[in-house]
Amino acid sequence: MGTNPKDMEYIRMETQHVYCVPESIGGSGDPAPIAALGVFMGIKASIKELYGNDNVAGRSVIVQE
């Protein structure tokens with residue numbers, strides 16, 4: 001948490017067992033956009049379970065790490 005692909009590039013200098021290195025050196029790049037989409041989809045699923053639809057308009061949601 002709180003790291004980025006550049007940090008992973010430095011870690012990779014010590015070990016090949018690292019994830020999310022920059023795409024320019026053959027890695028998968030920054031996973032944050034996909035992780036954020038997963039969180040959003042989870043929020044929508046929770047709202048659908050509670051209210052019968054997944055419309056997030058006008059709703060407030062709290063996300064705790």
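The legends below describe views of a predicted model, in which local features need pLDDT of at least 70, side-chain atom pairs count only at pLDDT 80 or more, and totals for chains, interfaces and linings use all residues. Residues are numbered from 1 along each chain as its sequence is written, and side-chain values use heavy atoms, with hydrogens and water left out.

**View 1. Overall dimensions of the protein.** The protein has two helices and zero strands (DSSP runs, H or I of at least four residues for helices and E of at least two for strands, numbered from the N terminus). Its C-alpha trace spans about 50 × 20 × 20 Å along the principal axes. The radius of gyration is 17 Å, whereas a compact globule of 65 residues would have one near 11 Å (taken over C-alpha atoms; the globule rule is 2.2 Å times the number of residues to the power 0.38). Of contacts between residues at least 6 apart in sequence, 7% join residues at least 24 apart (contact: heavy atoms within 4.5 Å).

View 2. Buried residues make up 12% of the 65 residues (buried: under 20% relative accessible area; exposed: over 50%; partly exposed: in between; 1.4 Å probe, protein chains only). There are 5 positive and 8 negative side chains, and the centres of the two sets lie 9 Å apart. Lys and Arg count as positive and Asp and Glu as negative, without His and the chain ends; each charge is placed at NZ of Lys, CZ of Arg, CG of Asp or CD of Glu.

View 3. Helix 2 covers residues 32–51, 20 residues in total, and reaches 28 Å from its first C-alpha to its last, close to the expected 28 Å (1.5 Å times one less than its number of residues). Just after helix 2, Gly52 takes a positive phi of about 90°. Ile43 lies in helix 2 and is buried, at a relative accessible area of 19%. Not counting residues up to four places away in sequence, Ile43 touches Val56, Val61 and Val63. Val18 is 25 residues from Ile43 in sequence and 29 Å away in space, C-alpha to C-alpha.

View 4. Cys20 is found in the loop between helix 1 (5–12) and helix 2. Although not a glycine, Cys20 has a positive phi of about 75°. Cys20 is buried, with a relative accessible area of 10%. Asp7, in helix 1, is partly exposed at 30% relative accessible area. Asp7 and Cys20 are 13 residues apart in sequence, and their C-alpha atoms are 9.3 Å apart in space.
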